[in-house]
Amino acid sequence: QHLAHYKPEQILAAVRRVTQESEYLPTVHGVLKYLGANALGLPDARDAYREACLAPSPKVEQAWSHPAVYLAGAASDWFFLASQTEKTALPVFEKHYRALCERVAQGETLRMPVVAALPETIHQPLTAEQRHAAMMKLRQHSGF
């Protein structure tokens with residue numbers, strides 16, 4: 001029941017790792033530890049939380065260790081993470097992060113949001129009427 005949502009290949013890989021690193025046969029709890037975020041190439045929740053809190057703005061443009069870290073930070077609200085103590089903010093972040101880790105464990109590929117770049121300059125010439133109105137306004141303010 002605890003391992004039902006993992007793929008057989010993931011469970012076998014976790015069992016191999018835990019038996020290589022331990023003298024004893026693994027329990028289900030031991031296997032679950034190896035099926036966690038680290039086994040999926042994700043940082044653990046506390047490291048992800050620190051990464052999210054320390055990332056400068058704009059957040060979306062940072063080099064994240066995994067999209068799940070950014071997405072958990074965004075779901076937790078960046079201002080909330082920045083303005084609350086770790087005791088208050090970490091459980092909220094962790095809830096979102098663990099849900100995202102579960103999605104990754106299910107085989108979903110998380111992606112960063114695509115942010116469209118603004119053009120360097122935006123050229124919109126004024127119409128003749130707009131130019132005339134701007135000139136009249138300038139004359140009124142300058143006293144000419």
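What follows is a short exchange on the fold, the surface and a few residues.

Mentor: This is a predicted model, where local features need pLDDT of at least 70, side-chain atom pairs count only at pLDDT 80 or more, and totals for chains, interfaces and linings use all residues. Residues are numbered from 1 along each chain as its sequence is written, and side-chain values use heavy atoms, with hydrogens and water left out.

Trainee: How many helices and strands does the chain have?

Mentor: Helices (H or I, at least four residues) and strands (E, at least two) are DSSP runs, numbered from the N terminus. Along the sequence the pattern reads α-α-α-α-α-α-α. The count is 7 helices and 0 strands.

Trainee: What radius of gyration does the chain have, against a compact globule of 144 residues?

Mentor: The radius is taken over C-alpha atoms, and the globule rule is 2.2 Å times the number of residues to the power 0.38. The C-alpha atoms fill a box of roughly 95 × 35 × 25 Å along the principal axes. A compact globule of 144 residues would come near 15 Å, but the chain has 26 Å.

Trainee: What share of the residues counts as buried?

Mentor: Buried means under 20% relative accessible area, exposed over 50%, and partly exposed in between (1.4 Å probe, protein chains only). Of the 144 residues, the buried share is 26%.

Trainee: Is S76 buried or exposed?

Mentor: S76 sits in helix α4, residues 67-76. Contact means heavy atoms within 4.5 Å. Beyond its neighbours within four places in sequence, S76 touches L81, V92, F93 and H96. Its relative accessibility is 5%, so S76 counts as buried.

Trainee: How are the rings of F93 and Y97 arranged as an aromatic pair?

Mentor: Rings of Phe, Tyr and Trp (its six-membered ring) pair if their centres lie within 6.5 Å; planes under 30 degrees apart count as stacked, over 60 as edge-to-face and the rest as tilted. The structure holds 5 aromatic pairs. In one of them, F93 and Y97 lie 5.7 Å centre to centre with 15° between the planes, so by the cut-offs the pair is stacked.

Trainee: Why are F93 and Y97 separated by about one helical turn?

Mentor: F93 is buried, and Y97 is too. Both belong to helix α6, residues 86-105. They are separated by about one helical turn because they are 4 residues apart in that helix.

Trainee: Which residues do ring pairs link into a cluster with F93?

Mentor: F93 already pairs with Y97. Ring pairs join F93 into a cluster with Y49 and Y97.
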